[in-house]
Structures are given as C-alpha cells and as structure tokens.
Amino acid sequence: MKDDRIELASQRDLDQVYEPAEDSHLLAETAREYVGTDDLVLEVGTGSAYVATALATTGAEVVATDVNPMACREAYEAGLSTVRANLVEPFRDHCFDVVAFNPPYLPTDPDHEFDDWMERALSGGEDGRAVIDPFLATVRRVLVDDGVVLLLVSSLTDIDAVRASAAAGGLTAREVAEESHPFERLVVLELRPDDP
Ligand SMILES: C[S@@+](CC[C@H](N)C(=O)[O-])C[C@H]1O[C@@H](n2cnc3c(N)ncnc32)[C@H](O)[C@@H]1O
C-alpha cells in the first residue's frame, strides 16, 4: 500500500515536469560547446535537469534553477546545485560565465491557459515572450563581461522580436544552431554583452 502511494506520487511529479524533447537536445548540444572546465554555469528553467546534466559532464560547476519545486527536486536528486528561483533573481551580479535557457515559448490564448506546472513549462503567454522578455531584461546583470547566454527560441515566438528584446537588455544576438520541424524552426541564439 505504502509503495503504491510512492509510485503514484512520483508519477504525478513526472506529469508536472517537462520531459526532454528536441528543443532540450538542441540547446544541450549547442551550449556544451561554450562551456569550459573552470566555468560557472547557470541553467534557468531546468525541468528534468537534462540540459544541466549534459553541461555538467564538461566538468564545469553547474547551478540549476526552476520555479517548479518538482523540477528542483529532480535536479537536486541528479546531484546538481539547485535553487528554486524566478529567472535570475537571487544571484549576485556578474557571476556566471554561461547561462542557458529553454524557456516556455508557445503563444497561448489567455482563455485557454491552464493553471498548472506543465502550462508554466510551455506557455509564453499571448505572444510567446511573457517569460523570455523579463529574462532578457535581467540576465545581463548576472553575466561576467565576457560571458554568454544560450537561449532556445522558436519561429513561433517571433525571433526578430526576441532579438529586439535582447538588444534592449544590452545583448547582441547571433543565431548559432537551428533545426526545422513540421510546425516550427528551433533556433539557439548566442547572446553576448554589447558593452563588455
Ligand atoms: C520548456 S521547459 C524546459 C525544461 C528543460 N530545461 C529542458 O530543456 O528540457 C521550461 C522550464 O522553465 C521553467 N520556468 C518557467 N518560468 C520560469 C521562471 N520564471 N523562472 C525559472 N524557470 C521557469 C518551467 O517550469 C520549465 O521547467
């Protein structure tokens, strides 16, 4: 009986944490190329900790964050330094060499928003940029001057609008990886401070 309850509880958690998909894989493979052994790396929105775990195989120190407490538990159980946080809020200025984020980016009709953790993993609000824009407005603060952000975005999210938000946050964007799928093009943007 007790074992059944544990089984049900962990199943429920899995339903509330984003499963790694094509976007996770593209970000992990691309971001790994940017990480050096001595770097301090932040993954924002770690979900199942797939990307953070891939980055940690480089030998770098990786911090994983998420707003979802069940995602934080998965990252912690995977052996990562884990902080429950909204975006980069709790971190000191100029401390990370690399920041990676696969954000919620799907444009979603507000009348069809669900109030659960999976919705928070997927939904980027009406224009798809409800989480991306505040991230881009604040991430420069926690980057070292020669640091880099790797941000996964989709053609569904209006990549030019994302570039404009990045510029407003003091970052210059460059497309460094892409993958086409039937309904969208996935892109990794490399973002670097334009006033290092
Ligand atoms: C698309 S999922 C990506 C999960 C994982 N990184 C991957 O690539 O498989 C987006 C993740 O961002 C988290 N998230 C959403 N809003 C956030 C916020 N304001 N601060 C931190 N994490 C957030 C979600 O809980 C979810 O785990």
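1. Rings of Phe, Tyr and Trp (its six-membered ring) count as a pair if their centres lie within 6.5 Å, with planes under 30 degrees apart called stacked, over 60 edge-to-face and the rest tilted. By this rule there are two aromatic pairs here. In one of them, Phe91 and Phe96 have ring centres 5.3 Å apart and planes at 80°, so the pair is edge-to-face. Both Phe91 and Phe96 are buried (under 20% relative accessible area, with a 1.4 Å probe and protein chains only).

2. A word on the basis: this is a predicted model, where local features need pLDDT of at least 70 and side-chain atom pairs count only at pLDDT 80 or more, while totals for chains, interfaces and linings use all residues. Residues are numbered from 1 along each chain as its sequence is written, and side-chain values use heavy atoms, leaving out hydrogens and water.

3. Next, have a look at α2 (22–32). Its buried residues are Asp23, Ser24, Leu26, Leu27, Ala28, Thr30 and Ala31. They pack against α3, β4 (96–101), β5 (143–154), β6 (171–180) and β7 (185–193).

4. Now to the largest pocket, which holds about 610 Å³ of space. Of its 40 lining residues, Asn102, Pro103, Pro104, Arg120 and Ala121 are the closest to its centre. The lining divides into 21 nonpolar, eleven polar and eight charged residues.

5. Which elements each supply at least two residues of that lining? They are α2, β1 (40–44), α3 (50–56) and α5 (117–122). The largest share, five residues, comes from α5.

Conventions:
On a 1 Å grid over the protein atoms alone, a cavity is a set of points where a 1.4 Å probe fits but cannot get out, and a pocket is an open set with protein on both sides within 12 Å along at least five of seven lines; lining residues have an atom within 4 Å of a point. Grid points are joined across faces, edges and corners, and a volume is the space filled by probe spheres set on the points. Helices (H or I, at least four residues) and strands (E, at least two) are DSSP runs, numbered from the N terminus. Ala, Val, Leu, Ile, Met, Phe, Trp, Tyr, Cys and Pro count as nonpolar, Asp, Glu, Lys and Arg as charged, and the others, Gly among them, as polar. Buried means under 20% relative accessible area, exposed over 50%, partly exposed in between (1.4 Å probe, protein chains only). Contact means heavy atoms within 4.5 Å.
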